[in-house]
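Please walk me through this model in the viewer, stop by stop, telling me what to select next and what is to be found there.

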Amino acid sequence: MIKVRNLRKIYKPSKKVQVHAVNDVSFEIDHGSTVTIVGPSGSGKSTILNILGGLDSQYMGEVMVNDKEVRKYNPNYYRRHVLGTIFQQFYLIPSLTVAENILLPIKFGKQLNKAQTMERLMYLLERVDLKNRANHLPSELSGGQAQRVAIARALMGKPQILLADEPTGNLDSKTGREISKLLFDLNKEEQTTLVIVTHDKKLFKQASESIYLRDGKTVKSL
Ligand SMILES: Nc1ncnc2c1ncn2[C@@H]1O[C@H](COP(=O)(O)OP(=O)(O)OP(=O)(O)O)[C@@H](O)[C@H]1O
Ligand SMILES: [Mg+2]
């Protein structure tokens with residue numbers, strides 16, 4: 001379902017400087033699989049995730065999702081229904097409650113009616129164990145709880161693919177284990193393809209495969 005062919009990304013922060021962040025990377029990710037992208041700092045992981053996530057269209061090569069080039073999707077549709085993204089910094093809106101944050105991706109969508117929306121919201125609140133926090137503000141949550149809101153929000157539009165950049169990076173190891181279990185359980189329950197950037201060895205042991213990067217290139221192992 002995801003096919004990346006000869007992907008290259010060059011950042012040009014100024015006229016004289018070029019950073020070859022991704023250098024001819026190719027890989028495929030099957031529907032429903034769990035894949036981790038691992039590699040040292042600066043190896044191009046977030047760059048690839050941003051491109052897959054439709055946040056950066058300045059690249060060379062092919063990035064196909066369901067046989068369609070990512071750049072050809074309607075960006076709003078792509079980011080709401082094809083894929084959900086969980087960022088390391090959560091990016092919850094501080095003035096909105098937990099429930100309102102989760103509803104954000106479909107606020108302007110017409111795919112679900114009101115009853116279906118509420119049903120999906122209640123299901124996700126239950127699934128991330130935050131029913132009793134639905135009307136709280138992000139400032140009243142712990143780090144693990146905020147991460148769970150970010151997961152529920154990413155899943156609200158029933159995306160086919162869930163992208164996560166270091167989802168356990170800011171959490172203690174017990175909370176990290178709970179979050180990774182939740183991600184892998186959701187992969188099974190919703191058949192969501194899971195793509196995780198991580199330094200966490202436990203996460204990439206659970207994944208069906210890993211893509212190893214070094215200096216913007218794929219390598220066999222680290
Ligand atoms: N906006 C940018 N402008 C210029 N160079 C950039 C930019 N973003 C990233 N880079 C460079 O591209 C390379 C890859 O960066 P990237 O953020 O993809 O690494 P990463 O593997 O996610 O690292 P980390 O594990 O530290 O998050 C690095 O050399 C980085 O300095
Ligand atoms: Mg990164």
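Begin by selecting α1 (45–52), which gives the most to the shell around ligand 1, with three residues; helices here are DSSP runs of H or I with at least four residues, strands are runs of E with at least two, and both are numbered from the N terminus. The model is a predicted one, in which local features need pLDDT of at least 70 and side-chain atom pairs count only at pLDDT 80 or more, whereas totals for chains, interfaces and linings use all residues. Residues are numbered from 1 along each chain as its sequence is written, while chains are lettered from A and ligands numbered from 1 in the order in which they are written.

Now show the whole shell around ligand 1, which consists of Y11, P13, V19, A21, G39, S41, G42, S43, G44, K45, S46 and T47, a residue being near a molecule if its C-beta atom, placed from the backbone, lies within 6 Å of it. The elements that give two or more residues to this shell are β2 (19–29) and α1 (45–52). If you colour the shell by class, you will find four nonpolar, seven polar and one charged residues; Ala, Val, Leu, Ile, Met, Phe, Trp, Tyr, Cys and Pro count as nonpolar, Asp, Glu, Lys and Arg as charged, and the others, Gly among them, as polar.

Return to α1 and ask how much of the helix is buried. Six of its eight residues are buried, so α1 is largely enclosed by the rest of the structure; the buried residues are K45, T47, I48, L49, I51 and L52. The term buried means that 20 or more other C-beta atoms lie within 10 Å of the residue's own, exposed means 12 or fewer, and partly exposed lies in between, with C-beta atoms placed from the backbone. Just after this helix, select G54, which takes a positive phi of about 75 degrees.

The next stop is a sheet. Select the open sheet of six strands in the order β6-β7-β8-β3-β9-β10, which has mixed pairing; two strands pair if DSSP finds at least two bridges between them. The edge strands are β6 (83–86) and β10 (217–219), each of which pairs on one side only. Neighbouring strands of this sheet are turned by 25 degrees against each other on average, direction ignored, the axes being lines fitted to C-alpha atoms, for helices over the stretch in contact, and angles running from 0 to 180 degrees between N-to-C directions.

Moving on, β7 (residues 161–165) and β8 (residues 193–197) pair in the parallel sense over five bridges, and L163 stands opposite V195 in β8.

Next select Q160, in the loop between α5 (143–155) and β7. Q160 is partly exposed, with 18 other C-beta atoms within 10 Å, and it touches V82, L83, T192 and T193, not counting residues up to four places away in sequence; a contact requires C-beta atoms, placed from the backbone, within 7 Å. The C-alpha atoms of Q160 and G32 are separated by 8.2 Å, although these residues are 128 apart along the chain.

A distance drawn between the C-alpha atoms of T218 and S43, 175 residues apart along the chain, reads 9.4 Å, and S43 is one of the residues around ligand 1.

Two loop residues deserve a separate selection. D67, in the loop between β4 (60–65) and β5 (68–69), has a positive phi of about 60 degrees although it is not a glycine, and it counts as exposed, with 7 C-beta neighbours inside 10 Å. D129, in the loop between α4 (114–127) and α5, also has a positive phi of about 60 degrees without being a glycine, and it is partly exposed, with 13 other C-beta atoms within 10 Å.

Finally, zoom out to the chain, which has seven helices and ten strands, and whose C-alpha trace spans about 50 × 40 × 35 Å along its principal axes. Buried residues make up 40% of the 222 residues.

Note on methods:
Two residues are in contact if their C-beta atoms, placed from the backbone, lie within 7 Å.
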